[in-house]
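Welcome! Please have a look at the sequence and the model first.

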Amino acid sequence: MIETIYIESEIRSHPRTESILSRFSKARIVECERYGEVFNPKKQNFRLQKKKPALILARKHGNFILDAPKGFGIGGRKNYYFSHMLNCIYDCRYCFLQGMYRSANYVLFVNYEDFQNEINNIVEQNPDEKEITFFSGYDCDSLALESVTRFVREFLPFFQKHKKAVLELRTKSINVDELLNHEVIPNCVVAYSFTPENISQKLEHGVPPVKKRIQTMKSLAEKGWRVGIRLDPLIYHESYKKNYRKLIQEIFYTISAESIHSVSTGPMRFPEKMFHTIERLYPDERLFAGPLENRNGLTSYSEEIETEMMNFCNTILENHLPKNKLFSCLQSSF
Amino acid sequence: MIGKVNFVVALSCEAKPIISHFNLRKRDSTLFKVYSNQDHSIRLIISGIGSSASLKATKHLASVSKDDTSTTAWLNIGIGGHKDLPLATAILAQRIVDSKTKQSWFPQLVFDPPCLTASVKTVEKPDFNYPDDNVVEMEASGFYSAAESYSTREIIHCMKIISDNSQSLSRPPLTETMVDELVNRNLSSIKELVRKLQVLSMEEEERTSDPPFLQECLSLWHFTVTQTHQLKSLLRKWLLLQPGKNVLDVLLPNCKDSRNVIQTLDLHLKNTPVWMDHD
Ligand code: SF4
């Protein structure tokens, strides 16, 4: 799957680099000084790179843990996010990463310990907080590339020891062996993102079918893992009511409401400039021909559509879950 | 649509097999010798030796390619040396480093390469010491830095054919016939690479092409630059939401001016249902 691996010379003999390389004995190895030389140059085409993304192994030098954008959260007072990886093996047409980065190559920061030290510092600096949430799937899918990153394998034991730190793994992957084989830890939420199946087929390229994701959530919930549902972004279309009702019913038909930690809904929003980049990459995409408008520097559906969709989904969700498990993600910055 | 490929080659003897295979004809020889095929979808320029000559020739070829060069693929073909790769081996550059400035470029391999890949080092003077694993040559960095002003890294590539290695140093100097023969032996890889680049270039042409009815609208009404961008975007949406319908007949026959065209289209499209789940 991965044919080219770029490696920063500095981490050529890092144990995690060596372990990954031992699993890709046939890959083309190209050394670089800094990952930015490969990842950041202007003249790159995200759409073309999606045909054959390379892996870039790098060391992150700072800003390990960042404040979560305003409006991003699942109830906690303090929310942070961290990105051990940039980009994703899936190809969702609404994904903001395609407008955020010029390159579709996957960057993996191998110095996991630095992220963990920083989480540790934040927890120690906030002795009065009961819980602090750390979102891991902001710039990537938390689980999809587990066979390469071993991220879950390495971070679960860490969070097991830091009970005040809540880890959200946000994913569309059904690749959950690592979780199923691990003792359940209560301060971890495995959150699955969904759009209705017919929309998923059109927009979420390479993503496992909705049914399989629901079944995977079920097995995790049965094992005792806390699971979350993310209806974010909500995609507007003519039959959205019928399709979202069906999706929500299917989820709650399969998974018991008690095992659900939280559900969040969020509208589709992009910073204007980012939207133009994405629209230029995919001018043939019907999603972008929808009733979108520019408001306060963001491209989104009209306020009326956003509210109508959120209210519609929340009304159905309230039939299944108490209100304190429902959250709205009204992100206004990225 | 047909993908476009621009070749930049240092020497006539390196270019000869390519010119002959792709049926290229000389079009210009004022500053540089420039060749192209009948529909100008393949062009070739002879740059002369060295990184700076290659840079200038690449710029010159872009300036004489009258059409939009942002979707054109660029290919530098030449000979190079390596410590132990067998003679006549073709490699595609996975990294290019300029020995003087130390700047690096990383061509993005979004297709299966038709040959081996290797790192390439561009030097100022012929260098027959091969201290590392790089293929050593004299043009790639100049070519790449110039081509990057026009296209993107996925469709700018350098192919080098090994003409020297540490075992060949005692051999008599290379002749033009030997160079011609080296390129000729790798023509099938060159052809395959060109085919792959043409496909990518074509995809990019399609992505960036004007939507239907744009030219008709521009000839009927006067649009400012900003309005032209808006019009393009609206006509693209029209194509997606009203496929097969002639916007000029269906929606715009009574429009008086460009503002009116944009408002009419915008309003109509905002009220058009989006059947995401239907084709
Ligand atoms: S799964 Fe998430 S991160 Fe991956 S492409 Fe889809 S939206 Fe983007």
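Q: How do H10(A) and H11(A) run relative to each other?
A: In this predicted model, the axes of helix H10 (residues 210-223) of chain A and H11(A) come within 9 Å and cross at roughly 30°. Angles under 35 degrees count as roughly parallel. H10(A) and H11(A) are therefore roughly parallel.

Q: Which residues of H11(A) make the contact with H10(A)?
A: H10(A) passes H11(A) in a right-handed crossing. On the H10(A) side, the contact is made by Val210(A), Lys211(A), Ile214(A), Gln215(A) and Lys218(A). By class, the residues of this contact divide into 4 nonpolar, 2 polar and 3 charged. The residues that H11(A) brings to the contact are Leu247(A), Glu250(A), Ile251(A) and Thr254(A).

Q: How are H11(A) and H13(A) oriented to each other?
A: Helix H11 (residues 240-254) of chain A also meets helix H13 (residues 303-318) of chain A, with axes that come within 10 Å and cross at roughly 30°. That angle makes H11(A) and H13(A) roughly parallel.

Q: Is the crossing of H7(B) and H9(B) left-handed or right-handed?
A: Let's turn to chain B. Helix H7 (residues 225-241) of chain B packs against helix H9 (residues 258-270) of chain B at an angle of about 35°, with the axes 10 Å apart. The crossing of H7(B) and H9(B) is left-handed.

Q: How many residues in the contact of H7(B) with H9(B) are nonpolar?
A: Residues of H7(B) in the contact include Leu231(B), Leu234(B) and Trp238(B). Among those of H9(B) are Val261(B), Ile262(B) and Leu265(B). The contact has 4 polar and 3 charged residues, while the nonpolar ones number 9.

Q: Are the rings of Phe270(A) and Phe275(A) stacked, edge-to-face or tilted?
A: The structure holds 25 aromatic pairs over all chains. The ring centres of Phe270(A) and Phe275(A) are 5.7 Å apart, and their planes lie at 45°, so the pair is tilted.

Q: Which residues do ring pairs link into a cluster with Phe64(A)?
A: This is a group in chain A, built from Phe and Tyr rings. Ring pairs link Phe64(A) into a cluster with Phe82(A), Tyr112(A), Phe115(A), Phe151(A) and Phe155(A).

Q: Where is Pro233(A) found?
A: Most peptide bonds are trans. A cis peptide bond, however, joins Asp232(A) and Pro233(A), with omega at about 10°. Pro233(A) is found in strand E13 (residues 226-234) of chain A.

Q: Is Asn23(B) buried or exposed?
A: Asn23(B) has a positive phi of about 55° although it is not a glycine. Its place is in the loop between helix H1 (12-21) and strand E2 (25-28) of chain B. With a relative accessible area of 60%, Asn23(B) is exposed.

Q: What is the relative accessible area of Lys102(B)?
A: Lys102(B), though not a glycine, has a positive phi of about 70°. Lys102(B) lies in the loop between strand E6 (90-98) and strand E7 (104-105) of chain B. Lys102(B) is exposed, and its relative accessible area is 59%.

Technical notes: Residues are numbered from 1 along each chain as its sequence is written. Chains are lettered from A and ligands numbered from 1 in the order in which they are written. This is a predicted model: local features need pLDDT of at least 70, side-chain atom pairs count only at pLDDT 80 or more; totals for chains, interfaces and linings use all residues. Side-chain values use heavy atoms; hydrogens and water are left out. Axes are lines fitted to C-alpha atoms, for helices over the stretch in contact, and angles run from 0 to 180 degrees between N-to-C directions. Helices (H or I, at least four residues) and strands (E, at least two) are DSSP runs, numbered from the N terminus. Angles under 35 degrees count as roughly parallel, over 145 as roughly antiparallel, 65 to 115 as roughly perpendicular and the rest as oblique. Rings of Phe, Tyr and Trp (its six-membered ring) pair if their centres lie within 6.5 Å; planes under 30 degrees apart count as stacked, over 60 as edge-to-face and the rest as tilted. A crossing is left-handed if the near helix is turned anticlockwise from the far one by less than a right angle, and right-handed if clockwise. Contact means heavy atoms within 4.5 Å. Ala, Val, Leu, Ile, Met, Phe, Trp, Tyr, Cys and Pro count as nonpolar, Asp, Glu, Lys and Arg as charged, and the others, Gly among them, as polar. Buried means under 20% relative accessible area, exposed over 50%, partly exposed in between (1.4 Å probe, protein chains only).
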